[in-house]
Amino acid sequence: MSDHKMTPDQLRSRWWFDNPDHPGTTALCIERYMNYGLTLDELKSGKPIIGIAQSGSDLTPCNRHHVELVKRVKDGIRAAGGVPFEFPLHPIHENVRRPTAALDRNLAYLGLVEVLHGYPLDGVVLTTGCDKTTPACLMAAATVNIPAIVLSGGPMLNGWRGSERVGSGTIIWELRKRLAAGDIGYAEFLDRATDSAPSIGHCNTMGTASTMNSMAEALGMSLPGSAMIPAPYKERAMVAYQTGERIVDMVWEDLRPLDILTREAFENAIVVCSALGGSSNAPIHVNAIARHAGIELDNDDWQRLGHQIPLLANVMPAGIYLSEEFHRAGGVPAVLSELLKAKRLHGDVMTANGRTLAANVGDCETRDDDVIRRYDNPLVEHAGFINLKGNLFDSALMKTSVIADDFRRRFLSRPEDPGAFEGRVVVFDGSEDYHARIDDPALAIDENTILVMRGAGPVGHPGGAEVVNMQPPEALIRQGVESLPCLGDGRQSGTSGSPSILNASPEAAVGGGLALLESGDRVRIDLARGEASLLIDDAELASRREALASRGGYIYPPHQTPWQEIQRGMVEQLDRGMTLAPATKYRDVARRSPPRDNH
């Protein structure tokens, strides 16, 4: 206790549960919490009150095992002298939520901010898993800034069909092509898709879920080595107990999110994401967390810091293995160790266990250098993102670790113009339009066509739909052409291996250049120069913009719910993290603006 900064009388919860200056309010708070068996000693004897943000529910299968896992968290909290209070987080399930789970990230963030700010909590365990639970929790932790720690639920076990690894999400994108080509039928499609989900847990590939929980560890907000322990492993329950113990000490040490979420920590996260072959959704979410922590991070930072980083994690969709092998090979600590030895990380940043990153991973090594490659023997030399700009948008990202040899040969290997390609575009306005028309022969889509998806951004969809990774028409797939360049103002699944150009900002719905595109236009993409350009003259571009304005701008579907209207009215673009514009100015509110009395 000698290094503790907090004393029992300084606990935030004492304001509710032991406040002699306001005995009436104290009595109101105490009496109702005792009606299910809590004792007066637990509430007013100076024990830290620890919240557990429960993200598991029947609506969120990737996180559902947290319902059981938090029992070990509570055991750890009690063993360390704290009192656990479990409460629900707004459900977020990526695969099922319509129109998109991206709507729920900001909604869950808002709800969690209100709970952490307005209730008698001294610290919180943030249970995460499915894609957007992690950024929602970390955004709220940065805003309120009470001691907080992340507990991932962990990925599923490997999926198998015979001796073939079957990766969640990734197999579905592949099977869609086989279905379109006529190689398999609908029943086999569904049957084989379920092979990828053999157990509790989130995606067993390096999709957005695994990426964002790895980002939480890279940022220092979870215990070392905890991000990628498979959900059914005994170590997952063990680390749940240790996380419960640790949050109590974090309260006494007064170690808060903004002590950990520094500029250097976010720079580390960018580097780690590139080495992992992380999801194209990571820049959106990491930029959002950074903005809530008071740090301006942009997509230029992702290219500047991450593009030159080699791919070390040989995990689908960029590699061939799955989460079980990655964990057994050393997981995130082994990747951090390789990057630290290569002097690519800030080793002196603080982490949730009270030690620096360098101290945590100093003796970690990869235990299988095919699954986690050595820095000087990577899968891909430059594995990060390229930030493209031009007259179509101010920023759009291309994930380079998933550029397949066939795609590189067909589009990026012209001797007279290396790293660049041009093509005629076919434009779709939302996923419904794409599905209705992609196989229309009148579109004349061939092996050189660029498919464009617009109306899929934070405002247009709303929420930013995962629809940019469009597959070619069935006729082309049957001819062996299984991928075309795709470009859009929406997102794509982190489990997809498509090297799409996506997250284009500003989106068509707010006047971005994609709103001016017409099918038949030619577009040039130059990765070496970081440019994406519509090949028409400035006068024609101005004329189109004037015509668009005269039509009232780009037309998108009407609001379907109150929250859709509220979010559309204040959401920022994907390059800005898709945050709510008024929200990012609130920071450290637990200390700066303690909640007012209610009696």
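Modeller: The lining of the second largest cavity divides by class into four nonpolar, two polar and two charged residues. In this scheme Ala, Val, Leu, Ile, Met, Phe, Trp, Tyr, Cys and Pro are nonpolar, Asp, Glu, Lys and Arg are charged, and the others, Gly among them, are polar. The model is a predicted one, in which local features need pLDDT of at least 70 and side-chain atom pairs count only at pLDDT 80 or more, while totals for chains, interfaces and linings use all residues. Residues are numbered from 1 along each chain as its sequence is written, and side-chain values use heavy atoms, with hydrogens and water left out.

The residues lining the second largest cavity are Cys-62, Glu-94, Asn-95, Cys-130, Asp-131, His-202, Cys-203 and Ala-209. A cavity here is a set of points, on a 1 Å grid over the protein atoms alone, where a 1.4 Å probe fits but cannot get out, and lining residues have an atom within 4 Å of a point. The volume of the second largest cavity is about 40 Å³; a volume is the space filled by probe spheres set on the points, which are joined across faces, edges and corners.

The search of the whole structure finds two cavities of 30 Å³ or more. The largest has a volume of about 70 Å³, and its lining includes Glu-217, Pro-224, Pro-333, Thr-351 and Asn-360. Two elements give two or more residues to this lining, helix H16 (331-341) and helix H17 (357-361). H17 supplies the largest share, three residues. Helices (H or I, at least four residues) and strands (E, at least two) are DSSP runs numbered from the N terminus. By class, the lining of the largest cavity has six nonpolar, four polar and one charged residues.

The cysteines come next. The structure holds zero disulfides, a disulfide being a pair of cysteine sulfur atoms within 2.5 Å. For Cys-364, the closest cysteine sulfur is that of Cys-273, and at 20 Å it is too far for a bond. Cys-364 counts as buried because its relative accessibility is 18%, where buried means under 20% relative accessible area, exposed over 50%, and partly exposed in between (1.4 Å probe, protein chains only). Cys-29, at 15% relative accessibility, is also counted as buried.

Cys-486 belongs to strand E11 (residues 486-488) and is buried, with 4% relative accessibility. Leaving aside residues up to four places away in sequence, Cys-486 touches Leu-451, Val-468, Asn-469, Met-470, Ser-500 and Ile-501; contact means heavy atoms within 4.5 Å. Strand E12 (residues 501-505) contains Leu-502, which is buried at a relative accessible area of 2%. Among the residues that Leu-502 touches, beyond those up to four places away, are Ser-280, Ala-396, Val-468 and Gly-488. The C-alpha atoms of Leu-502 and Leu-487 are 5.7 Å apart, although 15 residues separate them in sequence.

Finally, helix H6 (residues 133-144) has 12 residues, which at 1.5 Å a residue should span 16 Å; the end C-alpha atoms are 17 Å apart, which agrees. The expected span is 1.5 Å times one less than the number of residues. H6 is mostly covered, with 12 of its 12 residues buried, Cys-137 and Met-139 among them. Asn-145 follows H6 and has a positive phi, near 65°.

Methods:
On a 1 Å grid over the protein atoms alone, a cavity is a set of points where a 1.4 Å probe fits but cannot get out, and a pocket is an open set with protein on both sides within 12 Å along at least five of seven lines; lining residues have an atom within 4 Å of a point.
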